[in-house]
Amino acid sequence: HAHPADVPVRWNEKENVRWKVSIPGTAWSSPVVWDGQVWVTTASAKGHMMGVVAVDVATGKKIHERLLIENEKPAEKNPLNSYASPTPVIEEGRVYVHFGSYGTACLDTRTGKTLWERSDLPCDHATGPGSSPILHGDLLIFHMDGCDMQYVVALDKKTGKTRWKTDRTIDLSKQAPDMRRAFSTPIVIDVGGAPRLISTGSQATYAYEPATGKEV
């Protein structure tokens, strides 16, 4: 039998709070935790600066703080969104941060240094980015479903190079631009012994072979 946990039911600024640390900027992304580190992405309110902060999970002490992207003229976004809404993904030694069309980067979690970065994967989010990346095997996979173009892309997680890029096949030309966008995050599930990337875009949900991007 599991031992009953002594779970707190009250919180305030002094009670049952181990630590609290201020993070500059505005971000709707979730924190990711690995090996004693908490990583968060953040951006300035108007999208001119985008970066990442890592803190110690036990103490809240800042370990790394990096400015990664500077935008002279960021695109408009919905007031309810942030410029750092996609959640990072983390594994042993590496964290992958994604800011939609503004850029994607892989950082060394020990040094905080950039191992690779990409800023050449466009789409017009119209209201700001939202989809989060996932890791599958040696691939970093994410959605780019904008007003202008809609596709799924897989990058080699070691180098950042494109391994495959697959356009959405549903014809959205008769839809208003706002109705062509999507902000979901893909998942990989087992279907009859084969992995399938389940990927929801505007007006349709797709299944792809995650290794090749072939639509199933």
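The side chains of Asp 138 and Arg 163 are joined by a polar contact of 3.3 Å, that is, a pair of N or O atoms within 3.5 Å, where within protein one must be able to donate a hydrogen and the other to accept it, and residues adjacent in sequence count only if both atoms are side-chain atoms. This is a predicted model, in which local features need pLDDT of at least 70 and side-chain atom pairs count only at pLDDT 80 or more, while totals for chains, interfaces and linings use all residues. Residues are numbered from 1 along each chain as its sequence is written, and side-chain values use heavy atoms, with hydrogens and water left out.

Asp 138 lies in the loop between E9 and E10; strands (E, at least two residues) are DSSP runs, numbered from the N terminus. Its relative accessibility is 28%, so Asp 138 counts as partly exposed, the class between buried, under 20% relative accessible area, and exposed, over 50% (1.4 Å probe, protein chains only).

Let us turn to the sheet. Its 4 strands follow the order E9-E10-E11-E12, open and antiparallel; two strands pair if DSSP finds at least two bridges between them. Strands E9 (134-136) and E12 (162-167) each have a single partner strand, so one side of each lacks a neighbour in the sheet. E11 (residues 150-156) pairs with E12 over 5 bridges, and Tyr 151 has Asp 167 in E12 as its bridge partner.

Finally, consider Asp 145, which belongs to strand E10 (residues 139-145). Is Asp 145 buried or exposed? Asp 145 is buried, because its relative accessible area is 3%. A polar contact of 2.9 Å links its side chain to that of Arg 168.
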